Amino acid sequence: MKKLILSVFSVASLAFVTNAVTYMRVKTDDGQIVRYDVSHVTEVDFEDDAYGVSVSGNIGGYAYVDLGLKSGHKWATCNIGADKYYEVGSHFAWGETAPEDTTLADCYSWGQYKWGDYYDLTKYVTMPSWGPVDNRTKLLPVDDVASQNCGEEWRMPTVEQQKELIDGCDWKFVENINNTGVSGMYGVSKCNQNTIFLPMTGYRWRKGLSVPACGWYWSSELNKADNGTAYLMKITSDEFTSMYQGRHDGMVVRPVLLNEDEIDKDTSDD
């Protein structure tokens, strides 16, 4: 939330505006100045967000928060496709880098999935019963929606990175955070007190969007015991759970920022 600086007179003086003073000038912290005709200003309130969300920096146009995690990894402040911390963002099938066309009756189904059909997969396969084996168990950058949309420094998180995020913060379920109408889990770093918010998102499947009572966040890891599924982090009002779901279903993605020495790893698609 932008803080307002009353540059001409204070709130208290509003009650004593005379005819000689016509405008109130408000300067915001990005340097913009807005003028108001005081004859139309009936009340001025100052409201602080009850739950502030930290921003530590910006890489490639995407803001991140440093939660002081041992690995050094930093997390995006928004889901991919979202502009604000509380927005759901876009839903992606696992290994796809663009949302599917929701006007299609069979969107987010095996019939539309980029990497093949059930038991007939063309990539990320460890078991012959699922298709030609390539033994890839983690998404390559070319198939990673975070890398393709946000830049090479960004990735979809691994299961371990999601667990580190969960363990590194104290979490509280917040309903209607800062009067946005959105519920989710609000985390405060155990190390540096920086904060992060993970909204409830629902997930997309061939019958539409599920009720957003839970959050479903993809990881970058395949389920080696069931190649038709991949791992994700599920959020409820009570807990976090690592589980797996069909690769063709649409989940949201919260990117993680790689350390500098990790960026050039696993960049090939051979």
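A residue is termed buried when its relative accessible area is under 20%, exposed when over 50%, and partly exposed in between, as judged with a 1.4 Å probe on the protein chains only. The model is predicted, so local features need pLDDT of at least 70 and side-chain atom pairs count only at pLDDT 80 or more, while totals for chains, interfaces and linings use all residues. Residues are numbered from 1 along each chain as its sequence is written, and side-chain values use heavy atoms, with hydrogens and water left out.

Val253 is buried, with a relative accessible area of 0%. This residue lies in the loop between strand 17 (240-246) and strand 18 (256-257), strands being DSSP runs of E of at least two residues and helices runs of H or I of at least four, numbered from the N terminus. Leaving aside residues up to four places away in sequence, Val253 touches Asn79, Ile80, Phe92, Val145, Met156 and Trp218; contact means heavy atoms within 4.5 Å. Val253 and Phe92 are 161 residues apart in sequence, yet their C-alpha atoms are 7.8 Å apart in space.

A nonpolar core is a set of buried Ala, Val, Leu, Ile, Met, Phe, Trp, Tyr and Cys residues joined through side-chain atoms within 4.5 Å. The largest such core has 30 residues, of which Ile80, Trp94, Tyr113, Trp154, Met156, Trp218 and Val253 touch the most other members. Two or more residues each are given to this core by helix 1 (145-150), strand 15 (215-222) and strand 16 (229-235). Another core, of 17 residues, lies apart from it and includes Trp75, Trp171, Leu198 and Met233. In soluble globular proteins, nonpolar side chains tend to be buried together.
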